[in-house]
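Notebook open, structure loaded. I want to go through a handful of spots and jot down what turns up.

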Amino acid sequence: MNASKQLSVYFIAGRIISKILFCTLLFAGRAAGQADQGPAQLGGINTHPGDSVAGASASNVYVSVREPNGLPVTESATVRLSCPLAGVNLSGPTKDTALAQFSNIPAGDCVIEVNAPGYKPAHERALVVDSLMSRNQYVYVYLHLTSESPPAGGRTQVSLNVLKEMDKATEAMHKNRPDEARKHLLKAADSAPQNPDVQYLLGTLEASQKNVDAASARFERAIVLYPAHEHALLALGEIQLHSKQVPEATATLEKAVRANTMSYQAQFYLAAALLQQRNYASAKPHAQKAVELAGEKIPMAHALLGEILAGEGNRNAARHEFEVVIHDFPKDPAAAVAKNDLGDLDKPADAVVSHVTAAVSAPGGERPGGVSLTGGGGLAAGPVRPWGPSDVDSIKPGVAGDVSCSADDIVKRTAQASAEELENFEKFMASEHIEHEEIDRNGKPGAVRTRDFSYLVFIDHAKDGQIFLKESRDGGVGLSSFPTSLATVGLMGLGVYVFRPGFANTLDFTCEGLGQWRGKAAWLMYFRQKPNQRSYLRLWETQKQTVEIPLKGRVWLAATTYQVLHIETDLRDPMKELELTRDHLAIDYGPVNFQNGKTELWLPWYADMYLELHHHRYHHRHTLSNYAIFGVDTRNDISKPKGAEEPDVPPQTP
């Protein structure tokens, strides 16, 4: 982004907002608070930013769900992560890259359970390692079809190098780089000549280049190595169907259905092959199964079923299927086929033309209704390395099943506790270290740019008893000194602002239950900006405008003291006017002990921000340490945080 187009991200609407905004945002700025007091314990260890504390370590665990020989599973799977000793019980779906993500998992033994339609459940043990720094761990779980016999020798083993080459090849194919894909696949084939998935991918590559004979040979080789290889059987059956080898296609597609009865592509193509032979009785159940399994994925399945019903003489039922396609999928190519089929309904049964099978057998790559010649429904992309945490709606953390809670009560208690803690203090000082990096489409970060600031927070005590914060860097706002054209203000108080009346009234809260954060019992509070309400919690400012950003998020609150332990926020909706599609913020809070031993506050330790702006991805990390505090009734003597004499090792986000 051009530095002349600097964007300022105001996390909290306060008095630091420019004069043009001051009048409209004044009340929001006076609704601020800060984290409340509580015991100086995190996992049973006294700590402050800069301490090397093993108990505070955590990892991001990524579960890659694979088929037996290495291909990413194309169907959505549910992944559950359980770590009994750490009190972790999380679950969530895989994305279109067959990857599930779990953030901030404490060190210890865990069990991963994966379930997907048409596959046997799989279990895998995982040891989350202890580390002083946040790190990523990858676990590969292999699924076997329900119709498949147990693998000989137990657990499937595919070397990590082969998986990487396969992933690089599929990514290259999606980017239409066939030469690059071929290089990676041939390398994988040299390393694993008996791997059927590598042969299947080579066949897919040949098919994309219209090398039908070479593609068929690769698919046949994959089937020899693995007779139940659903994808190779399906792809070979499509080629045979296209080549008018209908009996051969029928035999191949029957094997594909036996390999996976839950494959709507196999059911669809087998029904089409049987329809070409006017075997309506055999074709009908497969077409019905394709409609049942596919949902909206293949509208053409309805047209196919309609043609089969028409061939049987059931004109009314056929008309219904054609009308479903025309009404529900008017822009899909299947609608044109259904209209032609409706025009043929008055003809004798023997004279009805099969428009679906004509379309399926037509030359060319992509088939109507999303059916393709490269494996029936497309080739899954190789898993792209994750570049940021999941959206707060993607994974709901585990909570105790027998504990209820009141959102209104917790909001009230948190607001009260946060107001009480700061009433005797005037300002904070801290050292702030900022790291910025841009991340490419494969999740690879670029060069890190850094900057250090003196971070100062003034605590304003209003006559009405309200407390709000004014934050600055190096004596000013500090935006021009940022390491990038993206600048942030207001990290200090976000975790508690959401509970202050000026903000809380514009949010819908849900208490999700009693869970944990890094071994500490915590209430989980989900919030979402109300529709048709002004949003002052987050602002983006450009040279031309200031944009209010409606948020959603989740806060972890200490169960007994209502201290803010952690907060994560996301966009409620993408912001088209900014071309902002991702804005994920995560802030960790913890105890800071001061030298006299009598003062202990819960303050932000570090914050991670992940942005996707103008089709570019960014990661900001803010680390706060070396806190000092000024009391209202003191002579402004600064006390150093406990352990300040120790080397400062900025912690990473757990």
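This is a predicted model: local features need pLDDT of at least 70, side-chain atom pairs count only at pLDDT 80 or more; totals for chains, interfaces and linings use all residues.

I started with the side chains of Asp-583 and Trp-540, which are joined by a polar contact of 3.2 Å. My rule for a polar contact is a pair of N or O atoms within 3.5 Å; within protein, one must be able to donate a hydrogen and the other to accept it, and residues adjacent in sequence count only if both atoms are side-chain atoms. The Asp-583 side chain also makes a polar contact with the side chain of Arg-538, at 2.9 Å.

Numbering runs from 1 along each chain as its sequence is written, and side-chain values use heavy atoms, with hydrogens and water left out.

**Asp-583, continued.** I placed Asp-583 in strand β19, residues 580-593. Helices (H or I, at least four residues) and strands (E, at least two) are DSSP runs, numbered from the N terminus. Buried or exposed, I asked of Asp-583? Asp-583 counts as buried because its relative accessibility is 0%; the cut-offs are under 20% relative accessible area for buried, over 50% for exposed and partly exposed in between, with a 1.4 Å probe and protein chains only. Skipping neighbours within four places in sequence, I listed the contacts of Asp-583 (heavy atoms within 4.5 Å); among them are Thr-569, Asp-570, Leu-571, Met-609, Tyr-610 and Leu-611.

**Leu-551.** Leu-551 lies in strand β17, residues 551-558. With a relative accessible area of 1%, Leu-551 is buried. I checked Leu-551 against Leu-571: they sit 20 residues apart in sequence, but their C-alpha atoms are 4.8 Å apart in space. With neighbours within four places set aside, Leu-551 is in contact with residues including Arg-528, Leu-537, Arg-538, Thr-569 and Asp-570.

**Positive phi.** Most residues other than glycine have a negative phi, and I noted two exceptions here. Asn-532 has a phi near 60° and belongs to the loop between β14 (520-529) and β15 (539-541). Asn-532 counts as exposed, because its relative accessibility is 84%. Glu-579 has a phi of about 55° and lies in the loop between β18 (564-571) and β19. At 40% relative accessibility, Glu-579 counts as partly exposed.

**Helix α12.** At the start of α12, a side-chain oxygen of Asp-332 comes to within 2.8 Å of the backbone nitrogen of Ala-334. Buried residues in α12 include Ala-334, Val-337, Ala-338 and Asp-341.

**Cavities.** I searched the whole structure and got four cavities of 30 Å³ or more. Of its 24 lining residues, Leu-90, Ser-103, Pro-397, Trp-517 and Trp-556 are the closest to the centre. A cavity here is a set of points on a 1 Å grid over the protein atoms alone where a 1.4 Å probe fits but cannot get out, and lining residues have an atom within 4 Å of a point. The largest share of that lining, six residues, comes from β5.

Notes. On a 1 Å grid over the protein atoms alone, a cavity is a set of points where a 1.4 Å probe fits but cannot get out, and a pocket is an open set with protein on both sides within 12 Å along at least five of seven lines; lining residues have an atom within 4 Å of a point. Grid points are joined across faces, edges and corners, and a volume is the space filled by probe spheres set on the points.
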